[in-house]
Amino acid sequence: MEKKNIDWSSLDFGYMKTDKRFVSNYKNGAWDEGVLTEDDQVVITECAGVLQYSQSCFEGLKAYTTQDGRTVCFRPDLNAARMKDSCERLEMPVFPEDRWVQAVVDLVKANEAWVPPYGSGATLYIRPYMFGSSAVIGVKPAEEYQFRMFCTPVGPYFKGGAKPITIRVSDVDRAAPRGTGHIKAGLNYAMSLYNIVDAHNKGFDENMYLDPATRTYVEETGGANFLFVTKDNTVVTPKSGSILPSITRRSLIYVAEKYLGLKVEERPVALAEVPDFAECGLCGTAAVISPVGKIVDHGKEICLPSGMEKMGPVTQQLYETLTGIQMGRLEAPEGWIKEIC
Ligand SMILES: *Cc1c(COP(=O)(O)O)cnc(C)c1O
């Protein structure tokens, strides 16, 4: 398979049109068989449910080349299951999970020339998404839906090393208790745009959201879960019903316990105890773990002992181990790596 002539390591996290995308339509109560098509345009009625009332959800995962030259992706069954949860919460029809994973395999195979080579640091980012496509004017679910998956090569998240970031404690809330914070709905991102632009304008990389009910517990950022490390090397991650269940975070917890022999606690984390932690990181598919060096709470600075130069030692170990598993340098737990070709 001849790869595209791309300078993989200088790619950004951006969109590039690749050869094929998967499209399936839901009509009269059933999904059609779906196709791989070159057509990247979506044509829907001006009154589509997604355009009026934001009935949409999405997923994000990666395919990449392992050290021994296989093309694989990481735990796509968990993305399929999470999208099922999102669809059920948004009154959208579920795309069957086995067909969902098969569509990922077919999509990546059809775009194999776009899968970055091992060692480039780049990956093929896959974006599955679903939206209400039929006309809706009174507030109710659409009757017809479109499910699509495209993929685009993205560059290494950390160019020239993972520099710790500075985040702020947000005055704006992300997700209400018993709301939609636990699902990957487009609406959760639409409402966060104002706050992330404001954070960037004020010199912060991200927002730390607190629990809206009491504003005393740490939830997550706009698109990544928190992992903390205590001074005696226990990994601590916030537990809350309004956090999006990150697949990266769940995988890192497993790695911490089973590969590194660390103690893990999943529990409510008070903002007041954050100054006691030794390390802090943000986890998600894009970066795996992005180290946090400083948290600013209304002028009061919490400086993590790991500093602003590099990842803390436990964060680094977690990062190396999970990326080692993904890239085929370390043995993966059963079922984590889906072979494509
Ligand atoms: C997608 C997402 C994450 C990260 O989840 P992964 O499965 O690890 O990519 C974390 N928080 C939010 C709000 C998200 O939307």
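This is a predicted model: local features need pLDDT of at least 70, side-chain atom pairs count only at pLDDT 80 or more; totals for chains, interfaces and linings use all residues.
Reader: Which residues come nearest to the ligand?

Author: The shell around the ligand comprises four nonpolar, seven polar and four charged residues by class. There are 15 residues around the ligand, and those that come nearest are K184, Y189, S246, T248 and T285.

Reader: What is the distance between an oxygen atom of the ligand and an N or O atom in the side chain of Y189?

Author: A polar contact is a pair of N or O atoms within 3.5 Å. R82 places a polar side-chain atom 2.8 Å from an oxygen atom of the ligand. For the side chain of Y189, the distance from an N or O atom to an oxygen atom of the ligand is 2.2 Å.

Reader: Which side chain has an N or O atom 2.6 Å from a nitrogen atom of the ligand, and what percentage of the ligand's exposed area does the protein bury?

Author: The side chain with an N or O atom 2.6 Å from a nitrogen atom of the ligand is that of E220. Taken alone, the ligand exposes 380 Å², and the share of this area buried by the protein is 96%.

Reader: Which elements give two or more residues to the lining of the largest cavity?

Author: A search of the whole structure for cavities of 30 Å³ or more finds one, and the largest cavity has a volume of about 30 Å³. Its lining consists of L227, V229, G281, I289, T315 and L318; by class, four are nonpolar, two are polar and none is charged. The elements that contribute two or more residues to this lining are β11 (225-229) and α7 (313-326).

Reader: Which residues lining the second largest pocket are the closest to its centre?

Author: The second largest pocket has a volume of about 170 Å³. Its lining has seven nonpolar, three polar and four charged residues by class. Of the 14 residues in that lining, the closest to the centre of the pocket are D211, E219, K239, S240 and S242.

Terms used. Residues are numbered from 1 along each chain as its sequence is written. Side-chain values use heavy atoms; hydrogens and water are left out. A residue is near a molecule or strand if one of its heavy atoms lies within 4 Å of it. A polar contact is a pair of N or O atoms within 3.5 Å; within protein, one must be able to donate a hydrogen and the other to accept it, and residues adjacent in sequence count only if both atoms are side-chain atoms. Accessible areas come from the Shrake-Rupley method with a 1.4 Å probe; for residues, only the protein chains shown count as cover. Ala, Val, Leu, Ile, Met, Phe, Trp, Tyr, Cys and Pro count as nonpolar, Asp, Glu, Lys and Arg as charged, and the others, Gly among them, as polar. On a 1 Å grid over the protein atoms alone, a cavity is a set of points where a 1.4 Å probe fits but cannot get out, and a pocket is an open set with protein on both sides within 12 Å along at least five of seven lines; lining residues have an atom within 4 Å of a point. Grid points are joined across faces, edges and corners, and a volume is the space filled by probe spheres set on the points. Helices (H or I, at least four residues) and strands (E, at least two) are DSSP runs, numbered from the N terminus.
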